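The entries follow the order in which I read them.

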Amino acid sequence: MVKVKFVRSSGKIISFKIKGHAQPKEKQLDVDLICNSISVISQTTVIGIEEVLKIKVKYVIDDGFLNLNLKGQTLEDIERCQVLLETMILGLKSIEITYGKYINVEIEEV
């Protein structure tokens with residue numbers, strides 16, 4: 001299962017972590033499609049923050065893992081990232097609605 005955890009502080013998303021892979025129970029389900037969709041949504045968000053907004057962020061990416069943290073960013077830059085991050089949540093939640101056995105999206109307020 002792919003586990004996604006977003007962390008909010010004062011209502012603003014300040015980090016997210018994605019780890020794991022979809023594990024099929026049905027042989028006919030193409031879980032690569034689920035994993036690829038999650039990767040595209042999350043990596044596009046990182047690209048948008050860095051290339052469109054021109055905000056250098058701390059992130060780690062590896063097979064089945066992506067962690068982004070806005071710690072150390074200005075409040076203005078954190079605010080600028082919110083549209084992309086909120087859109088990312090909507091995209092991943094939409095995958096979760098259809099494929100909830102393979103992805104779990106959690107949002108924690110700290």
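**Notebook: helices, sheet, pocket**

I began with helix α2 (residues 75-99), which lies across β1, β2 and β5 and runs at about 40° to β2. Helices (H or I, at least four residues) and strands (E, at least two) are DSSP runs, numbered from the N terminus. Axes are lines fitted to C-alpha atoms, for helices over the stretch in contact, and angles run from 0 to 180 degrees between N-to-C directions. Contact means heavy atoms within 4.5 Å.

I noted the basis of the entries: the model is predicted, local features need pLDDT of at least 70, side-chain atom pairs count only at pLDDT 80 or more, and totals for chains, interfaces and linings use all residues. Residues are numbered from 1 along each chain as its sequence is written, and side-chain values use heavy atoms, with hydrogens and water left out.

**The other helix**

I then looked up helix α1 (residues 31-52), which lies across β1, β2, β3, β4 and β5 at about 30° to β4. Ile-47 belongs to helix α1. I recorded Ile-47 as partly exposed, because its relative accessibility is 49%; buried means under 20% relative accessible area, exposed over 50%, and partly exposed in between (1.4 Å probe, protein chains only).

In which order do the five strands of the open sheet stand? I read the order as β3-β4-β2-β1-β5, with mixed pairing. Strands β3 (58-62) and β5 (103-109) are at the edges with a single partner strand each, so one side of each has no neighbour in the sheet. Neighbouring strands are turned by 10° against each other on average, direction ignored. Two strands pair if DSSP finds at least two bridges between them.

I went through the pairs in turn. Strands β1 (residues 2-9) and β2 (residues 12-19) run antiparallel and are joined by seven bridges. They form a hairpin with two residues between them, and Ser-10 in the turn has a positive phi of about 55°. Between β2 and β4 (residues 65-69) I found five bridges in the antiparallel sense, with Ser-15 opposite Asn-69 in β4. Five bridges also join the antiparallel strands β3 and β4, where Val-60 faces Asn-67 in β4.

I looked up Arg-8, which lies in strand β1 and stands opposite Ile-13 in β2. Arg-8 counts as buried because its relative accessible area is 15%. Leaving aside neighbours within four places in sequence, its contacts include Glu-86, Ile-89, Ile-107 and Val-110.

I found one aromatic pair in the structure. The ring centres of Phe-6 and Phe-16 are 5.7 Å apart and the planes stand at 45°, so the pair is tilted; rings of Phe, Tyr and Trp (its six-membered ring) pair if their centres lie within 6.5 Å, and planes under 30 degrees apart count as stacked, over 60 as edge-to-face and the rest as tilted. Both Phe-6 and Phe-16 are buried.

**The largest pocket**

Last, I asked which element gives the largest share of the lining of the largest pocket. That element is α1, with five residues. The lining has 15 residues, and Cys-35, Ser-39, Asp-62, Gly-64 and Phe-65 lie nearest the centre of the pocket. A pocket is an open set of points on a 1 Å grid over the protein atoms alone, where a 1.4 Å probe fits, with protein on both sides within 12 Å along at least five of seven lines; lining residues have an atom within 4 Å of a point.
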